[in-house]
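Subject: Structure handover

Hello,

Here is the structure I promised. Please open it and read my notes alongside.

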Amino acid sequence: MKRYLVTFGLGLLLAVLLLAGVLVARAFGFRSRQVPAEPAAPFALDSAAAAGRLAGALRIRTVSSDTAAPGGPGWAEMHAYLRAAYPRVHAALRLERVGDALLFTWPGADARLRPVLLMGHLDVVPVEPGTERAWTRPPFGGVVTDGFVWGRGALDDKLGVLGTLEAAEGLLAEGFRPRRTVLLAFGADEEVGGRRGAARIAALLRSRGVRPEWVLDEGGAVTRGMMPGIEGPVALVGVAEKGFVSVELAVRGEGGHSSMPPRSTAVGVLARAVSRLEERPVPGGIRGATELLFDHAGPEMPFGMRLVFANRWLFGPLVERQLAAAPSTDATLRTTTAATVFQGGTQDNVLPSLARAVVNFRILPGDSIAGVLAHVRDVVDDPRVRVRTLGFASEPSPVSGVETAGFRTIQRSIRQTFPDAVVAPYLVVGATDARHFHGLSEHVYRFVPVRVTARDLARMHGTDERVSVADYAAAVRFYAQLLRNGAR
(Lines give C-alpha, C1' and ligand atoms only; values in the text may rest on other atoms or scores of the structure.)
Protein backbone atom coordinates (compact mmCIF):
# COMPACT_ATOMS: atom_id res chain seq x y z
CA MET A 1 0.00 0.00 0.00
CA LYS A 2 2.83 2.38 0.89
CA ARG A 3 4.55 1.73 -2.44
CA TYR A 4 1.25 2.38 -4.22
CA LEU A 5 0.84 5.72 -2.43
CA VAL A 6 4.41 6.72 -3.28
CA THR A 7 3.88 5.79 -6.92
CA PHE A 8 0.58 7.66 -7.01
CA GLY A 9 2.15 10.72 -5.38
CA LEU A 10 5.05 10.75 -7.84
CA GLY A 11 2.64 10.37 -10.75
CA LEU A 12 0.51 13.22 -9.46
CA LEU A 13 3.57 15.42 -8.97
CA LEU A 14 4.76 14.60 -12.48
CA ALA A 15 1.31 15.48 -13.89
CA VAL A 16 1.29 18.78 -12.00
CA LEU A 17 4.79 19.63 -13.22
CA LEU A 18 3.83 18.70 -16.77
CA LEU A 19 0.70 20.86 -16.58
CA ALA A 20 2.69 23.76 -15.16
CA GLY A 21 5.22 23.37 -17.94
CA VAL A 22 2.49 23.46 -20.58
CA LEU A 23 0.89 26.54 -19.02
CA VAL A 24 4.19 28.44 -18.78
CA ALA A 25 5.27 27.41 -22.27
CA ARG A 26 2.00 28.65 -23.72
CA ALA A 27 2.36 31.92 -21.81
CA PHE A 28 5.84 32.49 -23.22
CA GLY A 29 4.56 31.55 -26.67
CA PHE A 30 1.71 34.07 -26.40
CA ARG A 31 3.42 36.56 -28.68
CA SER A 32 2.54 40.19 -29.25
CA ARG A 33 0.38 40.91 -32.28
CA GLN A 34 1.30 44.59 -32.39
CA VAL A 35 2.79 45.68 -35.70
CA PRO A 36 5.92 47.84 -35.86
CA ALA A 37 5.22 51.20 -37.44
CA GLU A 38 7.39 54.12 -38.45
CA PRO A 39 6.30 57.61 -37.33
CA ALA A 40 3.50 59.19 -39.33
CA ALA A 41 4.49 61.41 -42.21
CA PRO A 42 4.40 65.15 -41.43
CA PHE A 43 1.04 66.77 -41.97
CA ALA A 44 0.58 70.53 -41.88
CA LEU A 45 -2.29 71.39 -39.56
CA ASP A 46 -3.37 74.55 -37.78
CA SER A 47 -4.90 72.92 -34.71
CA ALA A 48 -6.68 76.04 -33.53
CA ALA A 49 -8.24 76.70 -36.93
CA ALA A 50 -9.31 73.05 -37.25
CA ALA A 51 -10.90 73.18 -33.79
CA GLY A 52 -12.72 76.34 -34.83
CA ARG A 53 -14.18 74.62 -37.89
CA LEU A 54 -15.37 71.70 -35.75
CA ALA A 55 -16.92 74.16 -33.31
CA GLY A 56 -18.79 75.84 -36.17
CA ALA A 57 -20.36 72.51 -37.13
CA LEU A 58 -21.42 71.91 -33.52
CA ARG A 59 -23.47 75.11 -33.58
CA ILE A 60 -25.70 73.71 -36.31
CA ARG A 61 -28.58 71.71 -34.85
CA THR A 62 -28.70 68.54 -36.92
CA VAL A 63 -30.68 66.63 -34.33
CA SER A 64 -31.87 63.12 -35.19
CA SER A 65 -35.53 62.66 -35.97
CA ASP A 66 -37.61 59.87 -37.44
CA THR A 67 -40.19 62.32 -38.74
CA ALA A 68 -38.31 65.38 -40.04
CA ALA A 69 -38.48 65.85 -43.81
CA PRO A 70 -35.12 65.92 -45.64
CA GLY A 71 -33.60 69.29 -46.41
CA GLY A 72 -34.69 71.05 -43.22
CA PRO A 73 -33.09 74.31 -42.08
CA GLY A 74 -30.35 72.65 -40.02
CA TRP A 75 -29.31 70.37 -42.84
CA ALA A 76 -29.26 73.10 -45.49
CA GLU A 77 -27.10 75.17 -43.17
CA MET A 78 -24.76 72.22 -42.50
CA HIS A 79 -24.26 71.45 -46.18
CA ALA A 80 -23.51 75.11 -46.94
CA TYR A 81 -21.14 75.29 -43.98
CA LEU A 82 -19.13 72.26 -45.11
CA ARG A 83 -18.91 73.66 -48.64
CA ALA A 84 -17.43 76.90 -47.31
CA ALA A 85 -15.15 75.24 -44.75
CA TYR A 86 -13.64 72.66 -47.15
CA PRO A 87 -13.51 74.24 -50.62
CA ARG A 88 -10.80 71.93 -51.99
CA VAL A 89 -12.78 68.82 -51.08
CA HIS A 90 -15.88 70.17 -52.78
CA ALA A 91 -13.90 71.17 -55.86
CA ALA A 92 -11.90 67.94 -56.30
CA LEU A 93 -14.34 65.28 -55.11
CA ARG A 94 -17.69 64.40 -56.63
CA LEU A 95 -20.53 65.03 -54.17
CA GLU A 96 -23.90 63.28 -54.22
CA ARG A 97 -26.67 64.02 -51.77
CA VAL A 98 -28.75 61.09 -50.60
CA GLY A 99 -31.49 62.86 -48.68
CA ASP A 100 -29.53 64.77 -46.05
CA ALA A 101 -26.66 62.26 -46.18
CA LEU A 102 -23.55 62.94 -48.27
CA LEU A 103 -21.46 60.68 -50.52
CA PHE A 104 -18.11 61.99 -51.75
CA THR A 105 -16.08 60.15 -54.40
CA TRP A 106 -12.35 60.86 -54.65
CA PRO A 107 -11.28 59.16 -57.90
CA GLY A 108 -8.11 57.09 -57.71
CA ALA A 109 -5.43 56.81 -60.35
CA ASP A 110 -6.02 53.05 -60.76
CA ALA A 111 -9.68 52.28 -61.40
CA ARG A 112 -8.97 48.54 -61.27
CA LEU A 113 -8.44 48.66 -57.48
CA ARG A 114 -11.38 48.25 -55.13
CA PRO A 115 -12.15 51.53 -53.33
CA VAL A 116 -11.92 52.18 -49.60
CA LEU A 117 -14.82 53.71 -47.70
CA LEU A 118 -14.63 56.01 -44.66
CA MET A 119 -17.87 56.71 -42.82
CA GLY A 120 -19.35 58.93 -40.13
CA HIS A 121 -22.58 60.73 -39.34
CA LEU A 122 -23.56 64.36 -38.95
CA ASP A 123 -26.74 63.89 -36.93
CA VAL A 124 -26.69 64.11 -33.15
CA VAL A 125 -28.96 63.03 -30.32
CA PRO A 126 -31.08 65.71 -28.67
CA VAL A 127 -30.17 67.25 -25.34
CA GLU A 128 -32.43 65.91 -22.60
CA PRO A 129 -34.93 68.64 -21.73
CA GLY A 130 -34.18 70.22 -18.37
CA THR A 131 -30.45 69.36 -18.41
CA GLU A 132 -29.28 72.34 -20.47
CA ARG A 133 -28.19 74.30 -17.40
CA ALA A 134 -26.05 71.37 -16.24
CA TRP A 135 -23.73 71.89 -19.22
CA THR A 136 -20.53 73.84 -18.51
CA ARG A 137 -20.88 75.39 -21.96
CA PRO A 138 -24.09 75.62 -24.04
CA PRO A 139 -24.73 72.25 -25.76
CA PHE A 140 -25.07 73.89 -29.18
CA GLY A 141 -22.72 76.79 -28.49
CA GLY A 142 -19.72 75.32 -30.31
CA VAL A 143 -17.39 76.99 -27.82
CA VAL A 144 -13.60 76.54 -27.87
CA THR A 145 -12.24 77.27 -24.41
CA ASP A 146 -10.00 75.76 -21.73
CA GLY A 147 -8.34 73.61 -24.41
CA PHE A 148 -11.59 71.89 -25.42
CA VAL A 149 -14.21 72.09 -28.14
CA TRP A 150 -17.58 71.88 -26.36
CA GLY A 151 -20.91 70.81 -27.79
CA ARG A 152 -23.26 68.01 -28.80
CA GLY A 153 -21.51 65.96 -31.50
CA ALA A 154 -17.96 66.79 -30.39
CA LEU A 155 -17.38 63.06 -29.88
CA ASP A 156 -20.39 61.42 -31.53
CA ASP A 157 -19.78 61.89 -34.43
CA LYS A 158 -19.14 65.26 -36.00
CA LEU A 159 -15.56 64.72 -34.86
CA GLY A 160 -15.26 61.81 -37.29
CA VAL A 161 -16.84 63.61 -40.23
CA LEU A 162 -15.06 66.94 -39.78
CA GLY A 163 -11.79 65.15 -38.99
CA THR A 164 -11.96 63.18 -42.23
CA LEU A 165 -12.79 66.29 -44.27
CA GLU A 166 -10.01 68.22 -42.53
CA ALA A 167 -7.53 65.49 -43.48
CA ALA A 168 -8.73 65.34 -47.08
CA GLU A 169 -8.55 69.13 -47.39
CA GLY A 170 -4.96 69.12 -46.12
CA LEU A 171 -3.89 66.27 -48.38
CA LEU A 172 -5.36 68.03 -51.40
CA ALA A 173 -3.36 71.13 -50.47
CA GLU A 174 -0.23 68.95 -50.52
CA GLY A 175 -1.11 67.70 -54.00
CA PHE A 176 -1.90 64.17 -52.80
CA ARG A 177 -3.78 61.98 -55.26
CA PRO A 178 -4.98 58.56 -54.18
CA ARG A 179 -4.06 55.53 -56.25
CA ARG A 180 -7.19 53.78 -54.98
CA THR A 181 -10.58 55.51 -55.14
CA VAL A 182 -11.74 56.85 -51.76
CA LEU A 183 -15.43 57.06 -50.81
CA LEU A 184 -16.60 59.25 -47.94
CA ALA A 185 -20.12 58.47 -46.70
CA PHE A 186 -21.64 60.71 -44.05
CA GLY A 187 -25.02 59.67 -42.68
CA ALA A 188 -27.77 61.95 -41.42
CA ASP A 189 -29.91 59.65 -39.25
CA GLU A 190 -27.56 57.17 -37.64
CA GLU A 191 -28.95 57.88 -34.20
CA VAL A 192 -32.39 56.65 -35.30
CA GLY A 193 -31.31 53.65 -37.37
CA GLY A 194 -29.68 55.05 -40.53
CA ARG A 195 -32.42 53.85 -42.84
CA ARG A 196 -32.74 57.11 -44.78
CA GLY A 197 -29.01 57.87 -44.90
CA ALA A 198 -26.42 55.10 -44.69
CA ALA A 199 -28.81 52.37 -45.82
CA ARG A 200 -29.68 54.34 -48.97
CA ILE A 201 -26.03 55.09 -49.69
CA ALA A 202 -25.27 51.38 -49.36
CA ALA A 203 -28.14 50.56 -51.73
CA LEU A 204 -26.86 53.14 -54.23
CA LEU A 205 -23.35 51.68 -54.18
CA ARG A 206 -24.74 48.16 -54.46
CA SER A 207 -26.72 49.15 -57.56
CA ARG A 208 -23.45 50.34 -59.12
CA GLY A 209 -21.60 47.14 -58.26
CA VAL A 210 -19.23 48.95 -55.88
CA ARG A 211 -17.46 46.60 -53.44
CA PRO A 212 -15.10 48.44 -51.08
CA GLU A 213 -11.85 46.76 -50.11
CA TRP A 214 -12.58 47.79 -46.54
CA VAL A 215 -14.89 50.12 -44.61
CA LEU A 216 -14.18 52.20 -41.50
CA ASP A 217 -16.98 53.73 -39.42
CA GLU A 218 -17.20 55.07 -35.86
CA GLY A 219 -17.00 52.57 -33.02
CA GLY A 220 -14.02 51.96 -30.76
CA ALA A 221 -11.58 54.59 -29.54
CA VAL A 222 -8.19 54.98 -27.86
CA THR A 223 -9.18 54.04 -24.32
CA ARG A 224 -7.24 54.41 -21.09
CA GLY A 225 -7.89 52.64 -17.80
CA MET A 226 -10.52 50.39 -19.31
CA MET A 227 -8.51 47.23 -19.99
CA PRO A 228 -7.40 45.45 -16.79
CA GLY A 229 -3.71 44.61 -16.80
CA ILE A 230 -2.70 47.24 -19.35
CA GLU A 231 -1.72 50.62 -17.93
CA GLY A 232 -1.22 52.39 -21.24
CA PRO A 233 -3.80 53.24 -23.90
CA VAL A 234 -5.64 50.51 -25.80
CA ALA A 235 -7.04 51.35 -29.23
CA LEU A 236 -10.15 49.23 -29.69
CA VAL A 237 -11.16 48.55 -33.29
CA GLY A 238 -14.65 47.14 -33.66
CA VAL A 239 -14.71 44.06 -35.89
CA ALA A 240 -18.38 43.27 -35.28
CA GLU A 241 -21.49 44.74 -33.71
CA LYS A 242 -24.47 43.27 -31.96
CA GLY A 243 -27.90 42.88 -33.47
CA PHE A 244 -31.11 44.30 -32.04
CA VAL A 245 -34.59 43.01 -31.41
CA SER A 246 -37.34 43.95 -28.99
CA VAL A 247 -39.83 41.26 -28.02
CA GLU A 248 -43.32 42.03 -26.74
CA LEU A 249 -44.87 39.73 -24.16
CA ALA A 250 -48.64 40.13 -23.78
CA VAL A 251 -51.09 38.42 -21.46
CA ARG A 252 -54.88 38.77 -21.58
CA GLY A 253 -56.90 38.37 -18.39
CA GLU A 254 -60.55 38.38 -17.43
CA GLY A 255 -60.52 41.81 -15.86
CA GLY A 256 -63.07 42.64 -13.18
CA HIS A 257 -63.03 43.81 -9.57
CA SER A 258 -59.84 43.44 -7.56
CA SER A 259 -61.80 42.17 -4.55
CA MET A 260 -62.29 38.80 -6.27
CA PRO A 261 -59.05 38.11 -8.12
CA PRO A 262 -58.19 34.82 -9.82
CA ARG A 263 -55.14 32.99 -8.56
CA SER A 264 -53.13 34.23 -11.56
CA THR A 265 -53.78 37.72 -12.88
CA ALA A 266 -52.51 38.99 -16.22
CA VAL A 267 -49.92 41.07 -14.36
CA GLY A 268 -48.81 38.10 -12.28
CA VAL A 269 -48.42 35.81 -15.30
CA LEU A 270 -46.46 38.50 -17.13
CA ALA A 271 -44.25 39.23 -14.14
CA ARG A 272 -43.28 35.56 -13.85
CA ALA A 273 -42.48 35.44 -17.57
CA VAL A 274 -40.17 38.45 -17.34
CA SER A 275 -38.56 37.08 -14.18
CA ARG A 276 -37.80 33.78 -15.91
CA LEU A 277 -36.11 35.60 -18.79
CA GLU A 278 -33.91 37.56 -16.39
CA GLU A 279 -33.01 34.45 -14.43
CA ARG A 280 -32.12 32.44 -17.54
CA PRO A 281 -30.19 34.69 -19.94
CA VAL A 282 -29.13 33.51 -23.37
CA PRO A 283 -26.04 31.30 -22.98
CA GLY A 284 -22.78 32.97 -23.98
CA GLY A 285 -19.04 32.59 -23.80
CA ILE A 286 -15.71 33.93 -24.99
CA ARG A 287 -15.93 33.71 -28.75
CA GLY A 288 -15.76 35.77 -31.91
CA ALA A 289 -14.69 39.38 -31.43
CA THR A 290 -14.16 38.96 -27.67
CA GLU A 291 -11.83 36.04 -28.28
CA LEU A 292 -9.88 38.18 -30.76
CA LEU A 293 -9.67 40.95 -28.15
CA PHE A 294 -7.92 38.67 -25.68
CA ASP A 295 -5.65 37.28 -28.39
CA HIS A 296 -4.34 40.81 -29.03
CA ALA A 297 -4.50 42.35 -25.56
CA GLY A 298 -3.42 39.27 -23.57
CA PRO A 299 0.24 39.25 -24.72
CA GLU A 300 0.60 42.87 -23.49
CA MET A 301 -0.48 42.03 -19.92
CA PRO A 302 1.73 41.12 -16.92
CA PHE A 303 2.92 37.53 -16.87
CA GLY A 304 0.27 36.21 -14.47
CA MET A 305 -2.61 37.51 -16.57
CA ARG A 306 -0.82 36.52 -19.76
CA LEU A 307 -0.61 32.96 -18.45
CA VAL A 308 -4.37 32.94 -17.82
CA PHE A 309 -5.34 34.33 -21.23
CA ALA A 310 -2.85 32.12 -23.06
CA ASN A 311 -4.51 29.10 -21.47
CA ARG A 312 -8.18 29.82 -21.88
CA TRP A 313 -8.71 26.13 -22.59
CA LEU A 314 -8.22 25.70 -18.81
CA PHE A 315 -9.03 29.09 -17.29
CA GLY A 316 -11.85 30.08 -19.67
CA PRO A 317 -14.69 29.37 -17.19
CA LEU A 318 -12.92 31.47 -14.53
CA VAL A 319 -12.47 34.38 -16.95
CA GLU A 320 -16.10 34.14 -18.06
CA ARG A 321 -17.33 34.28 -14.45
CA GLN A 322 -15.26 37.41 -13.85
CA LEU A 323 -16.55 39.06 -17.01
CA ALA A 324 -20.14 38.10 -16.31
CA ALA A 325 -20.01 39.84 -12.91
CA ALA A 326 -20.16 43.35 -14.48
CA PRO A 327 -22.82 44.49 -16.96
CA SER A 328 -20.29 46.22 -19.24
CA THR A 329 -18.22 43.07 -19.73
CA ASP A 330 -21.08 40.58 -19.52
CA ALA A 331 -22.45 42.30 -22.64
CA THR A 332 -19.39 41.10 -24.57
CA LEU A 333 -20.16 37.46 -23.72
CA ARG A 334 -23.79 37.00 -24.58
CA THR A 335 -27.01 38.23 -26.09
CA THR A 336 -28.24 40.53 -23.34
CA THR A 337 -31.76 40.59 -21.90
CA ALA A 338 -33.21 43.92 -20.77
CA ALA A 339 -36.81 44.37 -19.67
CA THR A 340 -37.55 47.97 -20.64
CA VAL A 341 -41.35 48.38 -20.61
CA PHE A 342 -44.00 46.94 -18.27
CA GLN A 343 -47.62 48.03 -18.61
CA GLY A 344 -50.89 46.82 -17.14
CA GLY A 345 -53.82 48.30 -15.33
CA THR A 346 -55.25 51.77 -14.92
CA GLN A 347 -56.65 51.77 -11.38
CA ASP A 348 -55.79 50.06 -8.12
CA ASN A 349 -59.11 48.28 -7.71
CA VAL A 350 -59.54 47.07 -11.29
CA LEU A 351 -57.99 43.89 -12.67
CA PRO A 352 -56.36 44.64 -16.04
CA SER A 353 -57.63 42.71 -19.03
CA LEU A 354 -54.27 43.16 -20.75
CA ALA A 355 -50.69 43.34 -19.46
CA ARG A 356 -47.69 43.77 -21.72
CA ALA A 357 -43.94 44.03 -21.40
CA VAL A 358 -41.14 44.76 -23.83
CA VAL A 359 -37.81 43.01 -23.49
CA ASN A 360 -34.89 44.31 -25.54
CA PHE A 361 -32.18 41.91 -26.71
CA ARG A 362 -28.79 42.95 -28.08
CA ILE A 363 -27.79 39.93 -30.13
CA LEU A 364 -24.30 38.47 -30.01
CA PRO A 365 -22.73 37.59 -33.39
CA GLY A 366 -23.40 33.90 -33.88
CA ASP A 367 -26.89 34.20 -32.40
CA SER A 368 -29.95 35.34 -34.37
CA ILE A 369 -33.38 36.93 -34.08
CA ALA A 370 -35.01 33.56 -34.66
CA GLY A 371 -32.84 32.05 -31.94
CA VAL A 372 -33.82 34.79 -29.50
CA LEU A 373 -37.53 34.16 -30.15
CA ALA A 374 -37.04 30.43 -29.64
CA HIS A 375 -35.19 31.12 -26.38
CA VAL A 376 -37.98 33.41 -25.15
CA ARG A 377 -40.71 30.86 -25.88
CA ASP A 378 -38.70 28.05 -24.32
CA VAL A 379 -37.90 29.96 -21.13
CA VAL A 380 -41.35 31.54 -20.65
CA ASP A 381 -43.00 28.19 -21.40
CA ASP A 382 -46.52 29.52 -20.85
CA PRO A 383 -49.21 29.46 -23.58
CA ARG A 384 -50.97 32.39 -21.90
CA VAL A 385 -48.06 34.67 -22.87
CA ARG A 386 -48.15 35.87 -26.48
CA VAL A 387 -44.66 36.51 -27.91
CA ARG A 388 -43.87 38.64 -30.96
CA THR A 389 -41.16 40.95 -32.24
CA LEU A 390 -41.79 44.66 -32.02
CA GLY A 391 -40.69 47.39 -34.45
CA PHE A 392 -37.15 47.70 -35.77
CA ALA A 393 -34.87 44.66 -35.66
CA SER A 394 -31.47 43.81 -37.11
CA GLU A 395 -29.34 40.70 -37.14
CA PRO A 396 -25.83 40.87 -35.63
CA SER A 397 -23.02 41.60 -38.04
CA PRO A 398 -20.47 39.07 -39.21
CA VAL A 399 -17.06 39.24 -37.53
CA SER A 400 -14.55 40.90 -39.86
CA GLY A 401 -11.12 39.33 -40.00
CA VAL A 402 -7.94 40.71 -38.48
CA GLU A 403 -5.54 39.01 -40.88
CA THR A 404 -6.61 41.32 -43.68
CA ALA A 405 -5.15 44.27 -45.53
CA GLY A 406 -7.87 46.53 -44.13
CA PHE A 407 -7.28 45.70 -40.47
CA ARG A 408 -3.50 45.86 -40.89
CA THR A 409 -3.81 49.27 -42.56
CA ILE A 410 -5.95 50.60 -39.72
CA GLN A 411 -3.68 49.02 -37.11
CA ARG A 412 -0.56 50.48 -38.69
CA SER A 413 -2.14 53.93 -38.99
CA ILE A 414 -3.12 53.85 -35.31
CA ARG A 415 0.38 52.81 -34.27
CA GLN A 416 1.88 55.60 -36.37
CA THR A 417 -0.38 58.23 -34.84
CA PHE A 418 -0.69 56.81 -31.29
CA PRO A 419 2.64 54.98 -30.89
CA ASP A 420 2.02 54.19 -27.20
CA ALA A 421 -1.27 52.40 -27.88
CA VAL A 422 -1.94 48.66 -27.98
CA VAL A 423 -4.31 47.91 -30.87
CA ALA A 424 -6.95 45.23 -30.30
CA PRO A 425 -10.17 44.14 -32.04
CA TYR A 426 -13.38 44.12 -30.01
CA LEU A 427 -17.16 43.79 -30.14
CA VAL A 428 -19.25 46.95 -30.47
CA VAL A 429 -22.23 46.36 -28.18
CA GLY A 430 -24.26 49.26 -29.64
CA ALA A 431 -25.26 49.89 -33.24
CA THR A 432 -23.61 51.91 -36.01
CA ASP A 433 -24.31 52.74 -39.64
CA ALA A 434 -21.59 50.22 -40.57
CA ARG A 435 -24.08 47.36 -40.36
CA HIS A 436 -25.67 48.55 -43.60
CA PHE A 437 -22.42 47.91 -45.52
CA HIS A 438 -21.70 44.26 -44.73
CA GLY A 439 -23.40 43.31 -47.98
CA LEU A 440 -20.80 45.36 -49.87
CA SER A 441 -17.57 44.36 -48.13
CA GLU A 442 -16.30 41.47 -46.05
CA HIS A 443 -14.03 43.83 -44.10
CA VAL A 444 -15.98 46.36 -42.02
CA TYR A 445 -14.32 48.05 -39.03
CA ARG A 446 -15.31 50.62 -36.42
CA PHE A 447 -12.93 53.12 -34.80
CA VAL A 448 -12.81 56.81 -33.89
CA PRO A 449 -9.24 58.11 -33.39
CA VAL A 450 -9.72 59.96 -30.12
CA ARG A 451 -8.45 59.32 -26.60
CA VAL A 452 -11.25 58.62 -24.10
CA THR A 453 -11.68 57.55 -20.50
CA ALA A 454 -14.75 56.04 -18.87
CA ARG A 455 -15.78 59.57 -17.88
CA ASP A 456 -15.56 60.72 -21.49
CA LEU A 457 -17.82 57.86 -22.59
CA ALA A 458 -20.49 59.13 -20.20
CA ARG A 459 -20.41 62.47 -22.05
CA MET A 460 -21.55 60.81 -25.29
CA HIS A 461 -25.33 61.23 -25.40
CA GLY A 462 -24.90 62.89 -21.99
CA THR A 463 -23.92 66.22 -20.49
CA ASP A 464 -20.78 68.23 -21.32
CA GLU A 465 -19.79 66.42 -24.51
CA ARG A 466 -16.40 67.76 -25.56
CA VAL A 467 -13.06 66.91 -27.17
CA SER A 468 -9.70 68.48 -26.46
CA VAL A 469 -8.11 70.57 -29.19
CA ALA A 470 -4.98 68.38 -29.01
CA ASP A 471 -6.97 65.14 -29.30
CA TYR A 472 -8.92 66.48 -32.25
CA ALA A 473 -5.66 67.39 -34.00
CA ALA A 474 -4.42 63.82 -33.40
CA ALA A 475 -7.66 62.51 -34.92
CA VAL A 476 -7.16 64.60 -38.06
CA ARG A 477 -3.57 63.35 -38.37
CA PHE A 478 -4.80 59.77 -38.05
CA TYR A 479 -7.29 60.22 -40.89
CA ALA A 480 -4.58 61.80 -43.05
CA GLN A 481 -2.23 58.89 -42.36
CA LEU A 482 -4.99 56.35 -42.96
CA LEU A 483 -5.75 57.91 -46.34
CA ARG A 484 -2.08 57.84 -47.27
CA ASN A 485 -1.74 54.20 -46.21
CA GLY A 486 -5.09 52.94 -47.45
CA ALA A 487 -5.43 54.70 -50.78
CA ARG A 488 -2.05 53.67 -52.20
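A charge sits over a ring if NZ of Lys or CZ of Arg is within 6 Å of the ring centre and within 35 degrees of the ring normal. Arg466 lies over the face of Phe148, at 3.8 Å from the ring centre. The charged end of Arg137 sits over the ring of Trp150, 5.8 Å from the centre.

Some ground rules. This is a predicted model, in which local features need pLDDT of at least 70, side-chain atom pairs count only at pLDDT 80 or more, and totals for chains, interfaces and linings use all residues. Residues are numbered from 1 along each chain as its sequence is written, and side-chain values use heavy atoms, with hydrogens and water left out.

Strand E3

E3 covers residues 116-121. Strands (E, at least two residues) and helices (H or I, at least four) are DSSP runs, numbered from the N terminus. Six of the six residues in E3 are buried, where buried means under 20% relative accessible area, exposed over 50% and partly exposed in between (1.4 Å probe, protein chains only). Val116, Leu118 and Gly120 point one way. Leu117, Met119 and His121 point the other way.

Two strands pair if DSSP finds at least two bridges between them. E3 runs parallel to strand E6 (residues 182-187), with six bridges. E3 also runs parallel to strand E7 (residues 214-223), with three bridges. Leu118 has a bridge partner in each: Leu184 in E6 and Leu216 in E7.

Salt bridges

The whole structure holds 25 salt bridges. The criterion is a side-chain nitrogen of Lys or Arg within 4 Å of a carboxyl oxygen of Asp or Glu. Here are some of them.

- Arg152 and Glu465 come to 2.8 Å at their closest N and O atoms. Arg152 lies in the loop between strand E5 (148-150) and H5, and Glu465 in the loop between helix H14 (454-459) and strand E17 (466-468), so the pair ties together parts 313 residues apart in sequence. Arg152 is buried at 2% relative accessibility. Glu465 is buried at 1%.
- Asp110 and Arg179 have their closest N and O atoms 3.8 Å apart. The pair ties together parts 69 residues apart in sequence, because Asp110 lies in the loop between strand E2 (101-106) and E3 and Arg179 in the loop between helix H5 (158-174) and E6. Asp110 is buried at 11%, whereas Arg179 is partly exposed at 44%.
- Asp382 and Arg384 meet at 2.9 Å, N to O.
- Arg114, Arg211, Glu213 and Glu442 form a network.

Aromatic pairs

A search of the whole structure gives nine. Rings of Phe, Tyr and Trp (its six-membered ring) pair if their centres lie within 6.5 Å; planes under 30 degrees apart count as stacked, over 60 as edge-to-face and the rest as tilted. Phe28 and Phe303 are tilted, at 5.2 Å centre to centre and 40 degrees between the planes. Phe28 is in helix H1 and Phe303 in helix H9 (residues 303-310), 275 residues apart. Phe244 and Phe392 are also tilted, because their planes meet at 45 degrees, with centres 5.6 Å apart. Phe447, Phe478 and Tyr479 are linked into a cluster by ring pairs.

Over to you.

Best wishes
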